[in-house]
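Q: Could you walk me through this structure, step by step, before I try to describe it on my own?

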Amino acid sequence: MPRTSPYVLHLTSTERSQLESLARKYTSPYYTVVRAKMILLAAQGLANDQIGARLSVPRPIVSQWRKRFFEERLAGLEDEPRSGRPPVFPPRTGRAGQGAGL
């Protein structure tokens, strides 16, 4: 028996247009496009298993983003701050970019 999600999504026209815009952007990060497509398919009434199969994403990931959108709407699709030390890039040292003998 297929699982049904308790998070039934109904989109406003503004949300739908923003999600469709995100899903079409080739310059957006891949994860943003996939999240937008997941929510659009969920709003059409597809089950998490079907969405996962269409987008080649595991069902638990689809379930996670459906729940976050249900609780937080569009803001829920953004990445949350990660724990731990932020990446630090060392300052440039040496003579990179300078020609030999200068």
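**Helices and how they pack**

A: The protein has four helices and zero strands, where helices (H or I, at least four residues) and strands (E, at least two) are DSSP runs, numbered from the N terminus. This is a predicted model, in which local features need pLDDT of at least 70 and side-chain atom pairs count only at pLDDT 80 or more, while totals for chains, interfaces and linings use all residues. Residues are numbered from 1 along each chain as its sequence is written, and side-chain values use heavy atoms, with hydrogens and water left out.

Q: Ok, and what pattern does the protein follow along the sequence?
A: Read along the sequence, the pattern is α-α-α-α.

Q: How do α2 and α3 cross?
A: The axes of helix α2 (residues 30-43) and helix α3 (residues 48-55) come within 10 Å and cross at roughly 140°; axes here are lines fitted to C-alpha atoms, for helices over the stretch in contact, and angles run from 0 to 180 degrees between N-to-C directions. That makes α2 oblique to α3, since angles under 35 degrees count as roughly parallel, over 145 as roughly antiparallel, 65 to 115 as roughly perpendicular and the rest as oblique.

Q: Which residues of α2 and α3 make that contact?
A: From α2 there are Tyr30, Val34, Lys37, Met38, Leu41 and Ala42, and from α3 there are Ile51, Arg54 and Leu55, with contact meaning heavy atoms within 4.5 Å.

Q: And what about α2 and α4, at which angle do they cross?
A: The axes of α2 and helix α4 (residues 59-72) come within 10 Å and cross at roughly 75°, and α2 and α4 are therefore roughly perpendicular to each other. On the α2 side the contact is made by Arg35, Met38, Ile39 and Ala42, and on the α4 side by Ile61, Val62, Trp65, Arg66 and Phe69.

Q: Switching topic, is Arg68 buried or exposed?
A: Arg68, which is found in helix α4, counts as buried because its relative accessibility is 13%; buried means under 20% relative accessible area, exposed over 50%, and partly exposed in between (1.4 Å probe, protein chains only).

Q: What is Arg68 in contact with, leaving aside its neighbours within four places in sequence?
A: Arg68 is then in contact with Arg73, Gly76, Glu78 and Glu80.

Q: Last one, how much of the protein is buried?
A: Of the 102 residues in the protein, 29% are buried.
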